[in-house]
Amino acid sequence: MLTLAVKPMDAHGPDARPHAVVIGSGFGGLAAAVRLGARGYRVTVLERLDQPGGRARVHRQDGFTFDAGPTIVTAPFLFEELWRLCGREMHEDVTLVPMQPFYRIRFEDGESFAYSGDRAAMRAEVARFSPDDVPGYERFMAHSEAVCRLGFEELGHVPFGSLGSMLRIAPDLLRLSGHRSVYDVVARFIRNERLRTIFSFHPLLIGGNPFRASGIYCLIAHLERQWGVHFAMGGTGRLVEGLCGLIRGQGGTIRCGAEVSRIRVEGGAATGIVLADGETIPADVVVSNADSAFTYGTLLGGTTRRWSTRRLARASSSMGLFVWYFGTRKKYPKVDHHMILMGPRYRGLLQDIFDRKHLADDFSLYLHRPTATDPLLAPPGHDAFYVLAPVPNLAGGQDWARLAEPYRQRIARFLEDAVLPGLSDALVTSRVTTPQDFSDDFLSFRGSGFGLEPVLTQSAWFRPHNRSEDVANLFLVGAGTHPGAGLPGVLSSARVLDTVVPDARVRA
């Protein structure tokens with residue numbers, strides 16, 4: 001069992017601060033640990049894998065460095081705030097580089113759209129596709145700004161602990177079309193079908209189907225324009241390293257290879273955890289960054305009132321992810337850092353993925369070439385890539401042990417024909433991650449990539465609360481709780497703790 005930092009004693013003897021245990025070291029868990037440490041807790045972070053980061057772990061092989069999960073940073077002020085809580089500046093440890101464009105969206109016939117934060121350039125791109133849609137695009141962005149102001153800036157870090165808190169914002173949700181789907185909202189402003197695709201795909205970045213994700217997620221378009229899209233030099237793993245350093249600096253402990261088997265509950269309150277090897281760790285506060293369904297269904301035994309095993313079985317999960325990491329012995333300078341490669345179908349493919357749970361013959365892909373910005377992530381003269389395909393979660397019954405390699409080969413042929421000529425001869429390293437790996441490695445319910453699907457009836461108050469409704473002293477962070485998936489979402493879930501967890505510095 002690897003211990004990254006241990007500080008059992010301070011200059012005056014044993015550390016007498018109240019103890020907080022954080023289960024899981026994804027970005028939500030690491031951010032929670034920093035915030036709890038800043039508010040007077042002695043923090044222990046428990047990670048079952050051999051390195052911190054959760055979905056943001058790093059794969060290193062054959063001289064290449066691959067970020068396993070998140071690849072872009074939006075709303076960087078949420079990270080900067082964590083460093084400042086520790087009396088430091090993030091740029092001392094991590095360098096963020098703004099992306100321009102944010103990403104290039106390529107359609108099957110080769111037509112592409114350079115999506116950026118430059119207002120004039122975006123108007124020109126929209127006009128190139130459909131001049132008549134420029135005014136509608138402007139109105140959509142104004143709508144996105146209004147939704148972002150409410151849904152992210154005002155409510156993203158506010159707990160929804162009661163039905164009343166949800167009812168109070170209901171009129172605003174209706175006014176901002178939260179009851180409509182993202183696609184329906186976009187379609188109210190924009191007529192060109194390709195532009196509708198371009199401005200409605202964002203929910204896929206947080207596990208949602210644009211045709212049924214709440215229109216509140218239209219906020220992402222403005223969020224990106226307001227704060228930009230950035231890449232961390234050295235990869236997203238540098239952010240994980242930086243946060244771990246902050247936790248160590250606070251006297252916190254991070255233990256890898258520490259698998260939690262259950263949360264101890266006595267008298268209706270969490271009193272600590274039990275590891276798989278039988279070790280018991282007492283705690284005044286328990287924070288779970290594990291998948292919310294795993295927290296309630298396994299760590300609490302599925303016996304809680306609101307999130308029972310039966311209710312979890314009825315919940316709708318986000319889609320699965322198939323990710324192929326690969327390196328080439330040649331460079332592809334014409335390929336952008338971020339590309340979205342649209343397949344021949346949009347609505348039909350999403351119906352296959354989310355509704356039919358069918359692995360279709362076609363696909364749409366997110367292609368990441370980090371060496372476009374940081375060549376040091378690959379050997380000299382080489383390129384590193386990460387390509388992601390949304391696929392059904394494990395409810396579809398696919399046998400990924402059998403399907404993974406044929407599916408990877410289909411993606412490779414598509415990429416070679418579309419944007420990476422000579423890929424088959426240039427390939428030098430390769431690994432894949434499937435929904436089964438999400439289930440096995442991250443204990444993700446149904447192998448989903450983002451926890452619960454972000455539909456209105458599974459958002460805000462309807463989502464597992466940041467402060468457990470059933471167990472005192474238990475708190476949840478990460479993609480499976482409010483406000484949801486994506487780096488801004490999971491970091492905001494940790495911000496909620498400042499409201500719902502007592503400040504240890506003022507406890508009696």
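Predicted model: local features only at pLDDT ≥ 70, side-chain atom pairs only at ≥ 80, totals over all residues.
Let's begin with strand β13, residues 253-256. T253 and R255 point one way from the strand, while I254 and C256 point the other way, and all of them are buried. Strand β5 (residues 42-47) runs parallel to β13 and is joined to β13 by four bridges. Within this pairing, V45 is the residue opposite I254.

Next come two helices. Helix α1 (residues 27-38) packs against helix α2 (residues 77-85) at an angle of about 35 degrees, and their axes are 9 Å apart. The crossing of α1 past α2 is left-handed. On the α1 side, the contact is made by F27, A31, V34, R35 and A38, and α2 brings F79, E81, L82 and L85. Seven of the residues in this contact are nonpolar, two are charged and none is polar.

The backbone has some details worth a look too. Most residues other than glycine have a negative phi, and most peptide bonds are trans.

D62, not a glycine, has a phi of about 55 degrees, and lies in the loop between β6 (58-61) and β7 (64-67). A460, also not a glycine, has a positive phi near 55 degrees; its loop lies between α15 (435-442) and β23. Are these residues buried or exposed? D62 counts as exposed because its relative accessibility is 56%, whereas A460 is buried, with a relative accessible area of 13%.

Technical notes: Residues numbered from 1 in each chain as written. Heavy atoms only, no water. Buried < 20%, exposed > 50% of the residue type's maximum accessible area, 1.4 Å probe, protein only. Pairing = 2+ DSSP bridges. Axes fitted to C-alpha atoms, helices over the stretch in contact; angles between N-to-C directions. Left-handed = near helix turned anticlockwise from the far one by under 90°. Contact = heavy atoms within 4.5 Å. Nonpolar A, V, L, I, M, F, W, Y, C, P; charged D, E, K, R; others polar.
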